[in-house]
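Dear colleague,

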Amino acid sequence: MSAALQAVRLAKSFGGLRAASDVSFEVPHGSLTALIGPNGAGKTTIFNLITNFFTPDSGEVRFYGTPLAGRSSGEIAAMGLVRTFQSARIFPGMTALENVLAGAHLQVRSHAWAQMLWLPGARREEHALARKAEALLELAGLQGFRDTAATELPMGGQKLLEVIRALMARPRLVLLDEPAAGLNDTETAELAALLRAVRDSGVTVMVVEHNMSLVMGVADQVVVLDAGSVVASGTPAEIQSDKRVIEAYVGQEAA
Ligand SMILES: Nc1ncnc2c1ncn2[C@@H]1O[C@H](COP(=O)(O)OP(=O)(O)OP(=O)(O)O)[C@@H](O)[C@H]1O
Ligand SMILES: [Mg+2]
């Protein structure tokens, strides 16, 4: 199976507004695929349709060949398709480490009663998860914030925290909605390294991103949306010289 994700002729309207029309693309297994396009192009809508936060008017999404129609967002996450949100959703009242650990609830296999009784299996599992969370904090350059309240982290740190929390669920495919928004240059470089490491570890990544140097630096494949339709897809080099892509962005600047 070569496609982690197939979007087939997805359409969604809000009232009279066609936020997605006839959107088809594939995310190859093991790839880092970027979804780009001007503001309002429909990128977040596509993530919402993939994860069934919105039901498509028509079209279909397949995750490793399995149609996702009729499944709840929670079921989809449990299948290994995990997303982040455009505005960071961290858990207040928890430290950075606790936030990352909270992402693991999908993969904890011991029964709740085993955790309550603190049986050896559950204890080993907790230790392994804590080590994994710490390793991810380090990979994101956040180890210094381990025990800091998550709300005290700089905005960029909160975004990175949300990304590594998603990774704790051991997804097969992770959808990241503008993870670099609000990141400074150092944090953006850390994010780029993190995204490559995630892809190289075998997790397929799809990322919505406005930062073009980040996209061109990390993506294997780019899908370009404009006004709810796919206008181009290809390698970063192919996309950069595509006339329709340039027009979509120049059109936005003119507006
Ligand atoms: N729940 C909703 N109800 C009504 N309209 C919506 C809804 N969600 C999105 N839209 C509209 O659909 C269009 C696409 O929005 P979307 O958020 O998907 O764009 P985007 O590409 O993610 O933009 P940005 O880069 O600004 O995040 C916009 O015109 C938006 O106003
Ligand atoms: Mg968006």
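A34 stands opposite V207 in β8, and in that strand L35 has V208 as its bridge partner. These pairs belong to the parallel pairing of strand β3 (residues 32–36) with strand β8 (residues 204–208), which runs over 4 bridges; here two strands pair if DSSP finds at least two bridges between them, and helices (H or I, at least four residues) and strands (E, at least two) are DSSP runs numbered from the N terminus. Please bear in mind that this is a predicted model, in which local features need pLDDT of at least 70 and side-chain atom pairs count only at pLDDT 80 or more, while totals for chains, interfaces and linings use all residues. Residues are numbered from 1 along each chain as its sequence is written, chains are lettered from A and ligands numbered from 1 in the order in which they are written, and side-chain values use heavy atoms, with hydrogens and water left out.

Strand β8 also pairs with β7 in the parallel sense, over 5 bridges, and D177 stands opposite V208 in β8. Of the 5 residues of β8, 5 are buried, so β8 is largely enclosed by the rest of the structure; buried means under 20% relative accessible area, exposed over 50%, and partly exposed in between (1.4 Å probe, protein chains only). In a regular strand the side chains alternate between the two faces of the sheet. Both faces of β8 are covered, with T204, M206 and V208 buried on one side and V205 and V207 buried on the other.

The sheet that holds these strands is open, has 6 strands in the order β6-β7-β8-β3-β9-β10, and shows mixed pairing. Its edges are β6 and β10 (229–234), each with a single partner strand, so one side of each is left without a neighbour in the sheet. On average, neighbouring strands of this sheet are turned by 15 degrees against each other, direction ignored; axes are lines fitted to C-alpha atoms, for helices over the stretch in contact, and angles run from 0 to 180 degrees between N-to-C directions.

There is also an open sheet of 4 strands, with the order β2-β1-β4-β5 and antiparallel pairing. Its edge strands are β2 (17–28) and β5 (66–67), each of which pairs on one side only. Strand β1 (residues 3–14) and β2 pair in the antiparallel sense over 8 bridges, with Q6 opposite E26 in β2 and F14 opposite L17 in β2. The hairpin of β1 and β2 has 2 residues between the strands, and G15 takes a positive phi near 60 degrees there.

Where does helix α1 lie? Helix α1 (residues 43–50) lies across β1, β2 and β4 (58–63), running at about 70 degrees to β2, and α1 also lies across β3, β6, β7 (173–177), β8 and β9 (221–226), at about 150 degrees to β7. In α1, 7 of the 8 residues are buried, so the helix is largely enclosed by the rest of the structure; the buried residues are K43, T45, I46, F47, N48, L49 and I50.

Which residues coordinate the magnesium ion (ligand 2)? They are T44 (OG1) and Q86 (OE1), at 2.0 to 2.3 Å; donors are N, O and S atoms within 2.8 Å of the metal (3.2 Å for Na, K and Ca), and water is not among the atoms, so sites may look incomplete. The pair links distant parts of the chain, with T44 in helix α1 and Q86 in the loop between β6 (81–83) and α3 (96–102), 42 residues apart. T44 is partly exposed, with a relative accessible area of 25%, and Q86 is likewise partly exposed, at 39% relative accessibility.

In the loop between α1 and β4 lies T51, which counts as buried at 2% relative accessibility. Leaving aside its neighbours within four places in sequence, T51 is in contact (heavy atoms within 4.5 Å) with S73, I76, L81, R83 and L175. N52, which follows α1, has a positive phi near 60 degrees.

With kind regards
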